[in-house]
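Hi everyone, thanks for coming.

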Amino acid sequence: QLTARSRWRAVDGLLLLDKPTGITSNTALQRARRVLQAEKAGHTGTLDPLASGLLPLCFGQAAKFARFLLDADKRYTATVSFGLTTNTGDADGEALERRPVAFDEAALRAVLARFTGAIDQVPPMHSALKRDGRPLYEYARAGIELEREARRVTIHAIELIAFENDGPEGVRATLDIICSKGTYIRSLAMDIGEALGCGAHLAALRRTETSGWTLAQAVSLADFEALSADEAAARLLHARQMVVHLPMLRLDDASLAQRFGWGQHLPLDAAHAGRAAEGPLSVWGPGEGDSAFLGVAEVDARGVLCPLRLMAPTA
């Protein structure tokens with residue numbers, strides 16, 4: 001007799017999900033996990049309930065490589081509503097203050113230019129950043145405001161897609177934003193509003209790109225939930241796709257590749273050491289295809305290849 005637990009199975013791979021608004025990233029993850037009946041699952045780069053768009057989900061062995069996606073740049077379509085601030089910085093929060101809006105499109109473009117490049121940003125209280133083991137949003141919900149240090153982030157580009165002015169309470173801008181990891185678009189919206197003297201909040205947010213993937217490659221949660229477990233598993237990308245941005249090192253010697261797969265540290269010969277770059281490397285054994293991917297490693301100061309994350313030898 002099958003138990004509820006016995007339905008879960010080992011499933012490996014990456015799912016590019018188009019998360020809908022109104023649910024947390026974890027809820028989206030658990031719903032996708034139930035379709036796959038996957039034992040292990042995780043997500044990278046949380047999206048707030050207000051936000052929709054590209055959410056990479058990791059299953060099984062792919063979860064080992066999630067950390068290598070977190071440093072990637074991201075792209076968003078953001079709608080900023082001017083004149084009203086909220087306690088969360090977005091449309092889900094409670095209204096705090098309404099101020100008159102008295103700027104035109106030219107003034108907005110001038111301010112956006114000031115926010116392009118490296119900027120210092122104070123994380124919002126309603127965020128998942130931890131303080132003494134507790135996320136900031138728990139303090140915020142208890143009415144506690146904590147000092148937060150500004151963090152340096154990079155806004156690679158902001159393009160004004162649309163500017164709407166339907167009266168004092170209907171001034172909105174739709175922005176295309178390319179930014180570094182750790183950027184809070186809510187904070188960016190609030191800071192732009194303050195720079196224009198009227199305040200603002202984030203009305204809508206959609207992530208359109210991350211780690212080189214686009215929304216066109218993603219599947220909606222509704223469409224994914226309509227699939228069988230096997231059909232859903234066929235939509236997964238191999239874990240190697242998560243490290244294609246890393247420099248590549250190939251171990252052509254089968255015995256060396258096997259030893260690396262066992263987790264051994266390997267002194268590199270001059271040829272290999274010369275090709276090794278600073279930072280993590282994707283490591284491949286002999287052969288072609290997904291099975292040649294062994295894992296991720298780094299080379300230490302002595303020229304020794306040190307495994308960081310490994311695919312299971314049987315995978």
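This is a predicted model: local features need pLDDT of at least 70, side-chain atom pairs count only at pLDDT 80 or more; totals for chains, interfaces and linings use all residues.

Residues are numbered from 1 along each chain as its sequence is written, and side-chain values use heavy atoms, with hydrogens and water left out.

Now, a pocket here is an open set of points on a 1 Å grid over the protein atoms alone, where a 1.4 Å probe fits, with protein on both sides within 12 Å along at least five of seven lines; lining residues have an atom within 4 Å of a point. Points are joined across faces, edges and corners, and the volume is the space filled by probe spheres set on them.

The largest pocket comes out at about 1200 Å³. Its lining has 35 residues, and T46, L47, D48, A128 and R186 lie nearest the centre. By class, 14 are nonpolar, twelve polar and nine charged; Asp, Glu, Lys and Arg count as charged, Ala, Val, Leu, Ile, Met, Phe, Trp, Tyr, Cys and Pro as nonpolar, and the others, Gly among them, as polar. Helices (H or I, at least four residues) and strands (E, at least two) are DSSP runs, numbered from the N terminus. Strand β12 (200-210) gives the most to this lining, three residues.

What about the second largest pocket, and what is its volume? About 320 Å³. Of its 21 lining residues, N87, M125, E145, R148 and M190 are the closest to its centre. Here α4 gives the most, with four residues.

Helix α4 (185-195) also supplies at least two residues to the lining of the largest pocket. Its buried residues, under 20% relative accessible area with a 1.4 Å probe and protein chains only, include R186, L188 and I192. Among the elements covering them are β4 (74-82), β10 (151-165) and β12, where contact means heavy atoms within 4.5 Å.

Last stop: S25, which is found in helix α1. S25 is buried, at 1% relative accessible area. A polar atom of its side chain lies 2.7 Å from the backbone nitrogen of L47. Leaving out residues up to four places away in sequence, S25 touches K19, H43, T46, L47 and L55.

Key: Buried means under 20% relative accessible area, exposed over 50%, partly exposed in between (1.4 Å probe, protein chains only). A polar contact is a pair of N or O atoms within 3.5 Å; within protein, one must be able to donate a hydrogen and the other to accept it, and residues adjacent in sequence count only if both atoms are side-chain atoms.
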